[in-house]
Amino acid sequence: MKRLFYLVDQMDSVEAISEDLHQEGITDWRFHILSRDEAGLFTRKLHSASLFDRTDLARYTERGAIVGGLFALAFIATAQWTQAFTMPAAAWIALFLFMVAAGAFLAGFGGIGAENYRIRRFHDAIENGQHLVMVDVRKKDEQRMRELMAQRHPEAQLQKETSAFNNPFVEEDGKLHLF
């Protein structure tokens with residue numbers, strides 16, 4: 001699944017794009033609009049970007065779960081090796097799951113306050129009144145969607161394309177970053 005990013009200047013264009021996408025069978029769950037004018041999106045019944053599209057909550061939570069799991073494995077392995085604690089296997093599993101959940105929970109606080117890594121480059125454009133339309137398409141439908149947007153909405157310029165799925169270690173530049 002690919003995510004295509006289009007910047008549009010006018011809310012009327014965004015509404016027309018929404019209508020065309022609906023006619024093509026694209027549901028509200030497959031496209032998202034990020035705009036400074038949230039009231040305008042609500043008034044026109046346009047699908048606004050969710051919290052997960054606007055923030056890095058999901059990516060930070062994934063990272064936190066991974067780090068929590070690594071700490072849990074290190075702690076449990078050390079405790080087993082030194083025989084510092086004697087607990088049943090169910091308790092070790094519960095401890096591992098707790099540390100994974102705690103890592104995800106704590107990292108989520110950082111993610112809720114961070115702008116999504118995919119839309120950071122559009123921050124200034126959105127603040128200046130432009131609207132970001134994000135469309136999720138299957139790989140087989142990608143070319144058809146590009147042609148549809150080019151023919152019916154030449155004012156919407158394709159700015160970027162990425163995978164629609166999160167990778168906790170990929171940054172805005174599309175490269176792998178472990179830390």
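These legends describe close-up views of a predicted model. Residues are numbered from 1 along each chain as its sequence is written. Local features need pLDDT of at least 70, side-chain atom pairs count only at pLDDT 80 or more, and totals for chains, interfaces and linings use all residues, while side-chain values use heavy atoms, with hydrogens and water left out.

**View 1. The largest pocket.** Its volume is about 230 Å³. A pocket is an open set of points on a 1 Å grid over the protein atoms alone, where a 1.4 Å probe fits, with protein on both sides within 12 Å along at least five of seven lines. Volume is the space filled by probe spheres set on the points. The lining holds 14 residues, each with an atom within 4 Å of a point. Closest to the centre are Arg-3, Asp-53, Arg-118, Ala-164 and Asn-166. The lining divides into 5 nonpolar, 4 polar and 5 charged residues.

View 2. Helix 7 spans residues 142-152 (a DSSP run of H or I, at least four residues). Glu-142, Met-145, Leu-148 and Met-149 are buried (under 20% relative accessible area, 1.4 Å probe, protein chains only). They lie on the same side of helix 7 because their arc around the axis is only 125°. On the other side, Ala-150 and Gln-151 are exposed (over 50%).

**View 3. Packing of helix 7.** The buried residues of helix 7 pack against strand 1 (2-8), helix 1 (11-23), strand 3 (131-137) and strand 4 (157-163). Contact means heavy atoms within 4.5 Å. Strands are DSSP runs of E, at least two residues.

**View 4. Lys-2 in strand 1.** Lys-2 sits in strand 1. Its side chain makes a polar contact of 2.8 Å with that of Glu-161 (a pair of N or O atoms within 3.5 Å, one able to donate a hydrogen and the other to accept it). Beyond four places in sequence, Lys-2 touches residues including Glu-142, Glu-161 and Ala-164.

Conventions
Ala, Val, Leu, Ile, Met, Phe, Trp, Tyr, Cys and Pro count as nonpolar, Asp, Glu, Lys and Arg as charged, and the others, Gly among them, as polar. The arc is that of the directions from the helix axis to the C-beta atoms.
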